Amino acid sequence: MELAEFEALAEPLRRKSAAEQAEYGWALIEGHTATPEEIMSVEREMAVALPDKYKAFMMRYGGGAFGFVELFPIVPVPSSWDDLHTLNDREFPDRSFVAVAPVGTGDHWGFPVSDGHCHEQVWFRFHDAGDDELVAQDFLEFIASYGLKA
């Protein structure tokens with residue numbers, strides 16, 4: 001999926017999020033966006049190259065809530081809460097997988113890593129047993145399927 005196609009699908013959620021923010025004080029899109037410099041810094045510190053579509057999304061929409069998915073934000077300085085760098089240092093220090101979102105069961109959605117490069121596909125990683133499962137061909141397809149559920 002290309003970014004322009006995704007943005008068209010996400011527009012109703014953006015409008016609803018703005019209305020919810022104005023009326024109730026909370027948003028369906030939290031929008032902890034990352035700058036290109038912050039993304040490059042995290043890639044360097046984690047020793048991985050993140051997928052381009054994921055990086056474009058994080059610069060445009062950011063981490064935190066996005067509809068029905070919670071995304072780990074990219075932050076300039078790792079913290080004690082679950083940002084992308086901190087969570088992956090704790091859960092996947094060998095960098096064979098980069099988790100980008102919790103499933104809520106101790107499992108994660110994210111990217112398998114080969115030779116320091118994240119794959120484009122998003123996979124479901126079980127925390128205790130079982131084989132990983134492919135859930136989307138790229139990050140935008142993933143977030144459209146899981147974040148924009150009706």
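The legends below describe close-up views of a predicted model.

Local features are given only where pLDDT is at least 70 and side-chain atom pairs only at pLDDT 80 or more, while totals for chains, interfaces and linings use all residues. Residues are numbered from 1 along each chain as its sequence is written, and side-chain values use heavy atoms, with hydrogens and water left out.

View 1. Helix H5 spans residues 139-147; helices (H or I, at least four residues) and strands (E, at least two) are DSSP runs numbered from the N terminus. Its buried residues are Phe139, Leu140, Phe142, Ile143, Ala144 and Gly147. Buried denotes under 20% relative accessible area, exposed over 50%, and partly exposed the range in between (1.4 Å probe, protein chains only). An α-helix has 3.6 residues a turn, so residues three or four places apart point the same way.

**View 2. The surroundings of Thr86.** Thr86 belongs to helix H4 (residues 84-91) and is buried, at a relative accessible area of 15%. Its side chain makes a polar contact with the side chain of Asp83 at 2.7 Å. A polar contact is a pair of N or O atoms within 3.5 Å; within protein, one must be able to donate a hydrogen and the other to accept it, and residues adjacent in sequence count only if both atoms are side-chain atoms. Leaving aside residues up to four places away in sequence, Thr86 touches Pro78, Ser79 and Trp81, where contact means heavy atoms within 4.5 Å.

**View 3. Aromatic pairs.** Rings of Phe, Tyr and Trp (its six-membered ring) pair if their centres lie within 6.5 Å; planes under 30 degrees apart count as stacked, over 60 as edge-to-face and the rest as tilted. By this rule the count is 17 aromatic pairs. Trp109 and Tyr146 form a tilted pair, 5.0 Å centre to centre with 50° between the planes. This pair links distant parts of the chain, as Trp109 in strand E4 (residues 108-114) and Tyr146 in helix H5 are 37 residues apart. Trp109 is buried at 10% relative accessible area, whereas Tyr146 is partly exposed at 22%. Phe124 and Phe126 form an edge-to-face pair, 4.6 Å centre to centre with 65° between the planes.

**View 4. The ring cluster.** Ring pairs join a cluster whose members include Phe6, Tyr54, Phe57, Tyr61, Trp109, Phe139 and Tyr146.
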